[in-house]
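Visitor: I would like to learn how to read a protein structure. Please take me through one.

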Amino acid sequence: MTEYRIKRAYEGESADDGYRVYIDRLWPRGLSHENFHYDLWDKDIAPSTELREWFHADPTDRWSEFEQKYMAELNESAAFAALKKLLETKPVVTLLYSSHDEQHNNAVVVYNALTQ
C-alpha cells in the first residue's frame, strides 16, 4: 500500500520523500530547475484555471466549496485516474505544492482523493 505525504515545493528534498510529484499548474516562483527536484510534474491534475482563480480571490471563505469542486474535477479526470494507477505502484509518494497555505491547497484535496 502506498504511503502518501504532502510537502511544499520550497522545502528541501529528503531521502524518505519517495516518488515526488509536483501537482501545480504553474512553476513555483523563485525555484530554479536545478534546485527543485521532482519525478513527475502532472499539470493535468491541477485545478482548472477558472477554479484556481476563483478560489484565490477568497481562499478563507471558499475552501469548502473549492474542495467539492476540485474533487469533482478529479473524479472526472482521465489524467487523475492514470496518475492514481501509477502512484499505486510506488511505496512512498510525496505530493509537492507551492501554496503558502499548508492547510488549504490543492495537494490536500489530491491527498484526500488518493487515500479514500
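**Reading the chain**

Guide: Start with how much of the chain is covered. This is a predicted model, and 40% of the 116 residues of the protein chain count as buried.

Visitor: How many helices and strands does the protein chain have?

Guide: The protein chain has four strands and four helices. Their order along the sequence is β-β-β-α-α-α-β-α.

Visitor: What radius of gyration does the protein chain have, and what would a compact globule have?

Guide: A compact globule with 116 residues would have a radius of gyration near 13 Å, and the protein chain has 14 Å, so the two agree. Along the principal axes, the C-alpha atoms fill a box of roughly 35 × 30 × 20 Å.

Visitor: Which share of the contacts joins residues at least 24 apart?

Guide: Take the contacts between residues at least 6 apart in sequence: 63% of them join residues at least 24 apart.

Visitor: Where does helix H2 bend?

Guide: Helix H2, residues 59-75, bends by about 40° at Glu 65.

Visitor: How should I read the buried residues of a helix?

Guide: Begin with the general idea. An α-helix has 3.6 residues a turn, so residues three or four places apart point the same way. In H2 the buried residues are Trp 63, Phe 66, Tyr 70, Met 71 and Leu 74.

Visitor: Which helices do the buried residues of H2 pack against?

Guide: They pack against helix H1 (49-56), helix H3 (78-87) and helix H4 (106-115).

Visitor: How many of the 10 residues of H4 are buried?

Guide: Seven of them are buried, and H4 is mostly covered. The list is Asn 106, Ala 107, Val 108, Val 109, Val 110, Ala 113 and Leu 114. Their cover includes both strands and helices: strand S1 (3-8), strand S4 (92-97), H2 and H3.

Visitor: Now single residues. Is Asn 35 buried or exposed?

Guide: Buried means under 20% relative accessible area, and exposed means over 50%. Asn 35 has a relative accessible area of 65%, so Asn 35 is exposed. Asn 35 is found in the loop between strand S2 (19-22) and strand S3 (40-41). Gly 12 is 23 residues from Asn 35 along the chain, and their C-alpha atoms are separated by 9.0 Å.

Visitor: Why does Glu 3 count as partly exposed?

Guide: Partly exposed is the range between those two cut-offs. Glu 3 counts as partly exposed because its relative accessibility is 40%. Glu 3 is placed in strand S1. Leaving out residues up to four places away in sequence, Glu 3 touches Pro 91, Val 92 and Val 93. Glu 3 and His 37 are 34 residues apart in sequence, and 19 Å apart in space from C-alpha to C-alpha.

Visitor: Where does Ala 79 lie, and what is it in contact with?

Guide: Ala 79 lies in helix H3. Apart from its neighbours within four places in sequence, Ala 79 is in contact with Asp 42, Asp 44 and Ile 45. Ala 79 has a relative accessible area of 26%, so Ala 79 is partly exposed. The C-alpha atom of Ala 46, 33 residues away along the chain, is separated from that of Ala 79 by 10.0 Å.

Technical notes: Residues numbered from 1 in each chain as written. Predicted model: local features only at pLDDT ≥ 70, side-chain atom pairs only at ≥ 80, totals over all residues. Heavy atoms only, no water. Helix = DSSP H or I, 4+ residues; strand = E, 2+ residues; numbered from the N terminus. Rg over C-alpha atoms; globule rule 2.2 N^0.38 Å. Buried < 20%, exposed > 50% of the residue type's maximum accessible area, 1.4 Å probe, protein only. Contact = heavy atoms within 4.5 Å. Bend = angle between axes of the 7 residues up to and from the residue.
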